[in-house]
Amino acid sequence: MTRFPTRRLVIVLLCLLLAGCARSELLQALDERQANEVVAALLHHNIPAEKRLQGKAGFTVRVGAADLAEAIDLVQLKGLPSAPRMQIASLFPADAMVSTPLAERARLLSAIEQRLEESLTTLLGVKSARVHVSYDAGPTEGSLQQRRPPAMHVAAVLAHSRDMDQQVLLATAKRFLRNAFVDVAYDNVSVVLTPAAEPRSLAVTPADESTSVWTLLLVPLALLAVLAGGGWWLLRRGDPRATRMRDHLRRRRGAQVNADPA
């Protein structure tokens, strides 16, 4: 007589439960800023999401398999992920076969811009900062068309909190940028202030509580029904393990009845 493979039945049931919790890759090869933007947008719309670092391949954003279609529509609607921020230094790699004075100066100024941005964001009320230093792309020293290099200019864009005194912030930022360079005139420093965007209260679609409750109730009930059906089927087939389990339950029930006082 062929015995029903109970172990396989349990494995199949576990696989079905795990399949319901499986996650699918929504986006990959993202930097951390892009991954955070995508995850924040998905969570604001009640779509559970997670980011994972895949080594040099960057970050991957994963969502539930049931939410994949809605997540794709959402990121396309919001234009996510945003384009990665281009660094000037990436256009002049340090490991290039031929290194020119222009490339070396571009890498240096790009690094200076990043350091200045980090410093400006430490000022009170500054949410984000962007600094741009003028790049002289004209003929280099020693060339036939050598000319006097133009004066350096520095420009910055600061996003600040709305309760910040703009005049104080403007004077502080300009003084800081002027003193960060040796040969930059005060009039060649430009600072543009803009109020930072406040966090938006998105209209989050509330989860259907009745659906969630029924889902939580039906999954265990369905599992119990499958197990009960499997046990009944085993008893009909005369499986000795099911028979021993039935006899054991009967003995325990009889012992409980005999132990009860009359």
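How many salt bridges does the structure hold? I found that the structure holds 4 salt bridges, each being a side-chain nitrogen of Lys or Arg within 4 Å of a carboxyl oxygen of Asp or Glu. A note on the source: this is a predicted model, in which local features need pLDDT of at least 70 and side-chain atom pairs count only at pLDDT 80 or more, while totals for chains, interfaces and linings use all residues. Residues are numbered from 1 along each chain as its sequence is written, and side-chain values use heavy atoms, with hydrogens and water left out.

**Entry 1: charged pairs.** I started with Glu 32 and Lys 51, whose closest N and O atoms are 3.5 Å apart. This pair links distant parts of the chain, 19 residues apart: Glu 32 sits in helix 2 (residues 32-44) and Lys 51 in strand 2 (residues 49-53). Helices (H or I, at least four residues) and strands (E, at least two) are DSSP runs, numbered from the N terminus. Glu 32 is partly exposed at 44% relative accessibility; buried means under 20% relative accessible area, exposed over 50%, and partly exposed in between (1.4 Å probe, protein chains only).

Next I looked at Arg 33 and Glu 37, which form a salt bridge at 3.0 Å, N to O. Both lie in helix 2, 4 residues apart, about one turn of the helix.

Then I checked Arg 52 and Glu 50, which meet at 3.3 Å, N to O. Together with Arg 62, these two residues are linked in a network of salt bridges.

**Entry 2: a lysine without a partner.** Lys 174 lies in helix 6. I noted that Lys 174 is buried yet has no salt bridge, and that the nearest side chain of opposite charge, Asp 187, is 5.6 Å away. (Lys and Arg count as positive and Asp and Glu as negative; His and the chain ends are not counted.) What does the side chain of Lys 174 reach? I found the backbone oxygen of Val 189 at 3.3 Å. Leaving aside neighbours within four places in sequence, Lys 174 is in contact (heavy atoms within 4.5 Å) with Tyr 186, Val 189 and Val 191.

Entry 3: I traced an open sheet of 3 strands in the order 4-5-6, with mixed pairing; two strands pair if DSSP finds at least two bridges between them. The edge strands are strand 4 (126-133) and strand 6 (189-195). Strand 5 (residues 154-160) pairs with strand 6 in the parallel sense over 7 bridges.

Technical notes: Lys, Arg positive; Asp, Glu negative; His and termini not counted. Polar contact = N/O pair within 3.5 Å; in protein donor to acceptor, adjacent residues only side chain to side chain.
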